[in-house]
Amino acid sequence: MYEGAARPRAEIEYGRRRPAPGTGRPVRERPLRRPDRIAFWAVAMAVIAMVAAATSAHAGSGGTGSSRTAGSSDCPEMRFGSRALDLGDCGGDVRTLHWILKAKSYGVPLGKDFESPTARSVRRFQRRHSLRSDGVVGRATRKKVVRTMTKSVATWYGPGFFGARTACGQRLSRKTIGVAHRNLPCGTRVTLKYHSRYVRARVIDRGPYTSGVRWDLTQKTARKLNLTTTDTIRAAPIR
């Protein structure tokens, strides 16, 4: 910290007064510019410009909160139902929508991009169920999509079978995501829902053989659904 004699305030901020030539009247000199103030204002103006640019970009996108930015191929693994889905969106929730609609014989791709074929199928689904045909998967459409998934009883398995091969030839581990079913072909895609959670899986094994139980989930699949005991779930297999 500088502890020397303080310079006169007039010299630091405003300069000194001196008489104007030929008048004897004092004239205030132009204030001196301090480098630290210049740097401060330069930084402040840069921050303001950045904020303005970000605001402009958000307004240009319509402020919809779309998961994809211009020129980006990244898509979030969002849970189906956490947002409305519209043309141009992408992510795990879009893929889940595709799997459910495909299970109901709608002509959609099984990828993660909400494109024109998806929008057309969504409008067809909405017309069939007397919903507003706008191609947007909002709350009403989503609830109707979920109700098309069949209710059935499921349990889970894993401990004691890890390391063994399933009936479909896959080695079971703690990280295996899959389901067992009595007669669906190996590799069949299926979407499972339990409460507000969804999992996309494939048939990898045979079973269960308990009366009244239709699905047997691997331990990893059950944990993703937060299924801890035998209970009723919703399922939509793509046949």
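These notes go through a predicted model, starting with its barrel and ending with some backbone details.

1. The barrel. Six strands form a closed barrel in this structure, in the order β3-β7-β4-β6-β5-β8, and their pairing is mixed. Strand β3, residues 150-157, and strand β8, residues 231-237, run antiparallel and are joined by 5 bridges. Within this pairing, K151 of β3 has R234 of β8 opposite to it.

2. A helix on the sheet. Helix α3, which covers residues 92-103, packs on the sheet and touches β5 (189-194), β6 (197-205) and β8. The direction of α3 makes about 60 degrees with that of β6. W99 has R189 over the face of its ring, at 6.0 Å from the ring centre.

3. Strand β5 and its partners. Of the 6 residues in β5, 5 are buried, so the strand is mostly covered. Strands β5 and β6 are antiparallel and share 6 bridges; K193 has Y198 in β6 as its bridge partner. Strand β5 also runs antiparallel to β8, with 4 bridges joining the two. Here T191 is partnered by A236 in β8.

4. The aromatic pair F80 and Y198. The whole structure holds 3 aromatic pairs. In one of them, the ring centres of F80 and Y198 are 5.3 Å apart and the planes stand at 85 degrees, so the pair is edge-to-face; the cut-off for that class is an angle over 60 degrees. The pair links distant parts of the chain, since F80 is in the loop between α2 (35-60) and α3 while Y198 is in strand β6, 118 residues apart. F80 is buried at 3% relative accessible area. Y198 counts as buried too, at 16%, because the limit is under 20%.

5. T118 in helix α4. T118 belongs to helix α4 and is buried, with a relative accessible area of 0%. Apart from residues up to four places away in sequence, T118 touches L97, H98, V108, P109 and D113. One of these, V108, is 10 residues away along the chain, and its C-alpha atom is separated from that of T118 by 5.5 Å.

6. Q126 in helix α4. Helix α4 spans residues 116-128 and also contains Q126. The relative accessible area of Q126 is 0%, so this residue is buried. With neighbours within four places in sequence left aside, the contacts of Q126 are L131, R132, S133, D134, G135, V136 and T141.

7. Positive phi values. Most residues other than glycine have a negative phi. S130, in the loop between α4 and α5 (139-147), has a positive phi near 55 degrees. S130 is exposed, at 70% relative accessibility. H195 also has a positive phi, near 60 degrees, and sits in the hairpin of β5 and β6, where 2 residues lie between the strands. H195 is exposed as well, with a relative accessible area of 60%.

8. A cis peptide bond. Most peptide bonds are trans. The bond between G207 and P208 is cis, with omega about -10 degrees. P208 is placed in the loop between β6 and β7 (215-218).

Technical notes
Residues are numbered from 1 along each chain as its sequence is written. This is a predicted model: local features need pLDDT of at least 70, side-chain atom pairs count only at pLDDT 80 or more; totals for chains, interfaces and linings use all residues. Side-chain values use heavy atoms; hydrogens and water are left out. Two strands pair if DSSP finds at least two bridges between them. Contact means heavy atoms within 4.5 Å. Axes are lines fitted to C-alpha atoms, for helices over the stretch in contact, and angles run from 0 to 180 degrees between N-to-C directions. Buried means under 20% relative accessible area, exposed over 50%, partly exposed in between (1.4 Å probe, protein chains only). Rings of Phe, Tyr and Trp (its six-membered ring) pair if their centres lie within 6.5 Å; planes under 30 degrees apart count as stacked, over 60 as edge-to-face and the rest as tilted. A charge sits over a ring if NZ of Lys or CZ of Arg is within 6 Å of the ring centre and within 35 degrees of the ring normal.
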